[in-house]
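Please walk through this structure with me.

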Amino acid sequence: MRERYEAIRDEAGPGVTVVAATKYVSLEDLGVLAEAGVEVVGEKRAQDLEAKHERYGVAFRWHFIGHLQSRKANVVNACCELCHSLSSESAARRLQIPALVEVNLSGEPTKSGVAPEELERFLGLYAEVRGLMTMPPLADDPEASRPYFRRLRALAEENGLKELSMGTSQDWRVAVDEGATLVRIGSALYDSA
């Protein structure tokens, strides 16, 4: 795993933080990530975050990458240095750490995120916004994500924001091409191929 992690980190470049997505990593297997030199982990579920952080809190820098429910904000505040998925006014009232606003660029009703036309107003709700995050529609071709990443970068530039969380195992290289500063990697890191 160390070799895969280092290869992804090296290819992404020094301006990009590789966030190891831990959704499918068991509590027992987190130690393998620490041994591999992984520095930043991203958890999607608040209840898993709490248990994993309790056991491995000092081993990593912690990010929250899942849908943030306002009732789970206290867990995220206590465990994480950054939330990638701020998208509701109620969560904005409870969150106390730096955040990225999730933007739903595809308009898919099953996806969380602020509509692009609501972004400027939403940014006024939270003082600790560092940047933006998006999840493009799932596609077999990584190039299908490029227009979404390009649009997110433009929105960030329009609003003076520096951080861009975009790209997962399937399309992180395209995301880096389009200016990602954070990529969320899961299967590309864990699956043996």
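Buried means under 20% relative accessible area, exposed over 50%, and partly exposed in between, using a 1.4 Å probe and protein chains only. By that rule Asp177 is exposed, because its relative accessible area is 55%. This is a predicted model: local features need pLDDT of at least 70, side-chain atom pairs count only at pLDDT 80 or more, and totals for chains, interfaces and linings use all residues. Residues are numbered from 1 along each chain as its sequence is written, and side-chain values use heavy atoms, leaving out hydrogens and water.

Asp177 lies in helix H8, residues 172-177. Helices (H or I, at least four residues) and strands (E, at least two) are DSSP runs, numbered from the N terminus. Contact means heavy atoms within 4.5 Å. Leaving aside neighbours within four places in sequence, Asp177 is in contact with Arg146 and Arg153. Ala12 is 165 residues away along the chain, yet its C-alpha atom is separated from that of Asp177 by 9.0 Å.

Now take Ser145. It sits in the loop between strand S6 (129-133) and helix H7 (146-158). Ser145 is buried, since its relative accessible area is 1%. Beyond neighbours within four places in sequence, Ser145 is in contact with Pro136, Gln170 and Asp171.

Next, the interior. A nonpolar core is a set of buried Ala, Val, Leu, Ile, Met, Phe, Trp, Tyr and Cys residues joined through side-chain atoms within 4.5 Å. The largest one has 53 residues, and Val76, Leu86, Leu95 and Leu132 have the most contacts inside it. H7 gives the most to this core, with four residues.
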